[in-house]
Structures are given as C-alpha cells and as structure tokens.
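This report goes through packing, contacts and backbone geometry in the structure shown below. Definitions are given where they are first needed.

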Amino acid sequence: MAIFKERQYLRVDVDKDRDESLWMKCKSCDELVFKRRVRENNNICPNCGEYFFLTSTERIESLIDEGSFVDCAEPIMADDPLGFSDSRPYEERIEEAQKRTGLLDAIVLGKGAIDGIPVVIAAMDFRFVGGSMGSVVGEQICHGIETASDEGRPFILVSSSGGARLQEGLFSLLQMAKTAAVRQRLADAKLPFVSVMTYPTTGGVQASIASLGDVIIAERGAMIGFAGRRVIENTIAQELPAHFQTDAFAFDHGFVDRVVKREDLRDELASLLSFFVEAR
Amino acid sequence: MSDERTLDLLEAKIAELRKLDEVDGMNLSEEVARLEERLEDLRRELYSSLSDWERVRIARHPKRPYALDYVGEIFDGFYELHGDRISGDDRAIIVGLARFEKRRIVVLAQQKGRSTEENKKRFFGMTRPQGFRKGLRAMALAERFGFPLVTLIDTPGAYPGLESEEQNIGGAIAESLLSMSRLRVPIVSVVIGEGGSGGALAIGVADRVLMLENAVYSVISPEGAAAILWKDKERAKEAAAALQLTAGHLKDLELIDAVVPEPLGGAHKGFAETANGLREELARQLNDLSALSIDELVDARYARYRSVGRFRRGPPAGSE
C-alpha cells in the first residue's frame, strides 16, 4: 500500500557543512530565496507560500514549546521477519535510511507541551522508507497512546506516510488493526486524539489510525486518500479530477474537520487542546 | 497452469474410456485403473509442491468456491440483509443471519462473481465504502443480540476508484477495524480465497483467524509489490514468494490460528470435502470461544492485536 516512490523533496539544509550556498530555488515559483528565511519560516517559501517538506524533527520543533520535548520512543528497531529482499535487502534499506536520517525508524515520539499544555506527540518521517508503517511505527504509535493515557495527556499524531511497509508483509498490514484497537485507550481515558494529516497521508495509515482522530486536521497542501492516482488509473483506467486527494478534496468530501495553514497549526492545536483540557 | 490442463485432459480420457467400457462392453477396466493411478500420481506430484505463486493462482481460480457456496453448504437458512442505510448496497459484500449447528450467527462475507455479468454487479469482489458500512451494520446487529460473527474473506482488495475515494474508503476501513477490535461477541474470520490488503483486514479483526490451505493473505498483491519494489510487474512470482502470503507461511509466522486443508488441486477439486473441513474447524473454534466470558474474549482479542509485530530491542551499537 505504500503507493509513492521515495521522491526527492527540496530540502533545506542550512546546518550541514557541505551545503555552503545561502540561496535556493523554490520549486514552485522559481524564485531564488534566502535559505535561512525559508528555514525560519517553517519551510515555507517567503515568496510564494509553497510548503517545503518537513522532517519529523522539524515538525516537532514547529509545534512543541521550546525546550519541552522529551523523546519517549521505545528503544526498538525494525527486524526483518520475512527475510525480505527486493531490488535490495530490507535490512540494507533500513540501515541506509537510519544513516541518512539519523532516525531509528519512520517516526519520532515524545512528550512535550503546546502553549503549556502537556501532550504526547508522534510525527512520521517521509524520508524513512516513505514514512511507511511497519512493526516499529505501529508499536511506537501504540506506546505513545499508552503513555498519553497513563499520564492523562492528549495525543497528537502528525502523519506523513505512503501507507503500510510492504517489506514486513502481513506484519505491517496488522499494524492497522493494532493501532486502531489501541486507539480506544484514549477514548476510555476521555483524552482527545488529534490527527494531523500532512503530505502524504495515504494507504494503510489513512485507512487506520490517522482516520480515527476525535478531530482530524489537514495541513494545507496535504495529500489524503487510500489508493493512489496511479493505482486507480492502472486498475480501472478511470480519469481523475485535478484536485483528486488534495486537502480541498478531503475537506469537501468530509474526511477532515479543518484545513489549516502550516504557520497556524501550532496556535490551532493549542486552542483546540485548551478546550478539551479545560473541560477535564 | 499448463500442467493442470494435462490433468484435465487425462481425466477426460479416463471418462471416455469408462463410457466405452460400459457401452460397448469392451474390457477396459484394467486400462482405466492403470490410468487412474497415473492420474493420482501426477496430481500428487503437481500439487504437493506448489510454489507460492501457484497458490496465488489457485486462490484466484475462476472455479474456486466463493463465499455463497460455503454459506449454502455450511449454514442453514441464510437470510440476506442489504444496504448500508446511507448510500447503497455493495454486492461485493454479503451480510445476513444464519444458523450454524446449534447457534444463531451473523455472516459477513466478500463475494466474487462467477460470470462477467455477475462480476460487474459484484465489482470482482472489491469492497466499496458502502460495503464496509454495511459490514458495520452487521457488526452492530451481532453485538446487539449476542450472535457470534463469522466473516469470510475473499477480495483482491478494496475497490480503487474515484467514488470510493469520494466516500472516504480509507475512513470506512478504519472504522471497521476499530469496531471489530472491540465488538462484544465472538468473531471468527476465514480467508477462503484472496485476502487482499486493507480491504481484507477490514473484516478480518477476529478472535480466531483461519485460512483455507490455498488461500493467500497479503499487505499488497504480488503484482503490486513487483511494480513498486522491483519496478517490474513481471516479477510477481518472486514477489509472491518474498511476501510469505500463503496459509502455511502465515501459520509458521503465528499470524493465523489454523489452516483448513483442501483436496489436491484446490477447493474446486473437492468442494464438499473442503466445506466439511471448514465446518468442523469453525465449530471447534466457536466452541472454544464460547467457553470465555465476553470480557475475557474482548481482552484476549485486544492483547492479540496489541502484541502483533516483530522488532528488535535497542539501537545498533555505536549509534546515537
């Protein structure tokens, strides 16, 4: 169900030594823009407003109060339960992704505060095998939900995932059932679960935990859907509208409660959470 | 399968000889017996060492028994219910009341079509959002009256299309997963043919998950995996093997509870025998489950899904 190839996103690497240039070209408006401005602007082009891709760490930095974030992920890594190898061995793919991203898998999980409100937040990372959900991602989401319910914190999941991780076969598919089942813990504890869908939230992630939020927010520019454009065109050769699976499509068809600009997301979450927290 | 065609030819030949034997009184019984023995040997040879891809082919065989065949054979008085009460009636999903031995149950199953006409009606067994929502009705009904839920899985996958997406098929699958994970009645799911990805799992969250011997269950079709991971649709055979999607592999991986045997060549070579095996296994599983209280049942189901997944502890030495 991971329906996207890993694609090259325009990245903003101002901290890395090897990247000396101060300017970058925006893929959307073709303007040369000052990199540090882009970085300071939540990876949004200061000229045209186009969003650049955020890593999980950058996403958390953009939402969580400075200095409040504490990693609470389980110390686990992908196993290779099927001994899977396609064009390359799964183990090699994982090692390479770990080196490239500095992450153990496609998700970052931790405790922190949004405008002073304690939360548990999980952010997926599309750079890591397309943000795909295998056993580790499923486990971290469940661990996050359990931590939230044990400590009485709201749970926020920021999705950026093509779907289930194919290389773990049925183990990955079953993470959909696992996360859906565990999601109930929050409801039992009367704690809100806010699902934030970003580019992309598709396949097995959209068809499980991401669609089960009490409130579902789409970031402007998100792609949301189950089967991707190519799959549909290849399977039933149907012509699809231009706005297919965009944020507007999801909103118009009632999948999401709101579409929010990246620069407003933190404030929006803060005010939404304050409603639930005050009621408690 | 070209080898299967050889078997069919041989079978036809034997039937012909038998007829000659009867009609013309030619004494061919020895010849017939010899050929029958040879047929049996060939069959065993062909089917005892099936590759994973060959099992995919059997799971999709046009003569394979479908859900309604089993419903008619195993259950009594099936009373079909229709519609999701919102937007329509997905004929790729069947729902209804039935009796199974001494129990009253609710059946929720995926149904493929046999003819082109029927396949058009049943969308080749691909479930649409209204189908999953009809399933949610079945679950609610089962729970309200305390009837066990039996689901039969047989789908290439959820229906990919504009209308499906417009009606939030992903959200419908998610709701189905959540509902099944906490449903307060026993649930037994059986993959009878193709267990295609999220569309299959959506009706497969259960206390016991069974598979027919030649059924397959996978996160993605072998063709889909070949296209995405190998960038070559033609490598579906390799993908099928890599995905470990057969009943045998999934039992070894402890992801399913039991495998229901099929006769050599597949369920379509001996439907009564297959259905009988399924009946016995279903009865056994439902009996086991009825020994548990509802709380114990739901807790055990939760624990089952909470613990699914394989990972290693600890970051690699030298990192971080």
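Axes here are lines fitted to C-alpha atoms, for helices over the stretch in contact, and angles run from 0 to 180 degrees between N-to-C directions. Helices (H or I, at least four residues) and strands (E, at least two) are DSSP runs, numbered from the N terminus. This is a predicted model, in which local features need pLDDT of at least 70 and side-chain atom pairs count only at pLDDT 80 or more, while totals for chains, interfaces and linings use all residues. Residues are numbered from 1 along each chain as its sequence is written, and chains are lettered from A and ligands numbered from 1 in the order in which they are written.

| Helix pair | Angle | Axis separation |
|---|---|---|
| H3(B) (52–59) and H11(B) (236–243) | about 95 degrees | 8 Å |
| H10(B) and H11(B) | about 100 degrees | 8 Å |

Angles under 35 degrees count as roughly parallel, over 145 as roughly antiparallel, 65 to 115 as roughly perpendicular and the rest as oblique. H3(B) and H11(B) are therefore roughly perpendicular. Two residues are in contact if their C-beta atoms, placed from the backbone, lie within 7 Å. On the H3(B) side the contact uses Asp52(B), Trp53(B) and Val56(B), and on the H11(B) side Ala236(B), Lys237(B), Ala240(B) and Ala241(B). By class, the contact of H3(B) with H11(B) has 5 nonpolar, no polar and 2 charged residues. In this scheme Ala, Val, Leu, Ile, Met, Phe, Trp, Tyr, Cys and Pro count as nonpolar, Asp, Glu, Lys and Arg as charged, and the others, Gly among them, as polar.

H10(B) and H11(B) are likewise roughly perpendicular to each other. H10(B) contributes Pro222(B), Glu223(B), Ala225(B), Ala226(B), Leu229(B) and Trp230(B) to their contact, and H11(B) contributes Ala236(B), Glu238(B), Ala239(B), Ala240(B) and Leu243(B). The classes in the contact of H10(B) with H11(B) are 9 nonpolar, no polar and 2 charged residues.

A residue is buried if 20 or more other C-beta atoms lie within 10 Å of its own, exposed if 12 or fewer, and partly exposed in between, with C-beta atoms placed from the backbone. Helix H10 (residues 222–230) of chain B is mostly covered, with 7 of its 9 residues buried. These are Pro222(B), Gly224(B), Ala225(B), Ala226(B), Ala227(B), Ile228(B) and Leu229(B). They pack against H3 and H11 of chain B.

In helix H4 (residues 67–74) of chain B the buried residues are Ala67(B), Tyr70(B), Val71(B) and Ile74(B). Because they cover an arc of only 100 degrees around the axis, they are on the same side of H4(B); the arc is that of the directions from the helix axis to the C-beta atoms. An α-helix has 3.6 residues a turn, so residues three or four places apart point the same way. The cover over the buried residues of H4(B) includes strands S1 (76–81), S2 (93–100), S3 (103–110), S4 (149–155) and S5 (187–196) and helix H13 (271–290) of chain B.

**Backbone geometry**

Most residues other than glycine have a negative phi, and most peptide bonds are trans. Glu101(B) has a positive phi near 50 degrees and lies in the loop between S2 and S3 of chain B. With 13 C-beta neighbours inside 10 Å, Glu101(B) counts as partly exposed. Gln244(B) also has a positive phi near 50 degrees, in the loop between H11 and helix H12 (247–252) of chain B. Gln244(B) counts as buried, with 23 C-beta neighbours inside 10 Å. In chain A, a cis peptide bond with omega of about -15 degrees joins Tyr199(A) and Pro200(A); Pro200(A) lies in strand S8 (residues 193–202) of chain A.

**Chain A and the interface**

Across the interface, 54 residues of chain A are in contact with 46 residues of chain B. The elements giving two or more residues to the chain A side are strand S4 (76–78) and helices H4 (135–151), H5 (169–188), H6 (203–206) and H7 (229–236) of chain A. H5(A) supplies the largest share of that side, 15 residues. The residues of the chain A side divide into 32 nonpolar, 17 polar and 5 charged.

Ile141(A) is placed in helix H4 of chain A and, with 27 C-beta neighbours inside 10 Å, counts as buried. Leaving aside its neighbours within four places in sequence, Ile141(A) is in contact with Ala122(A), Leu157(A), Thr179(A) and Ile209(A).
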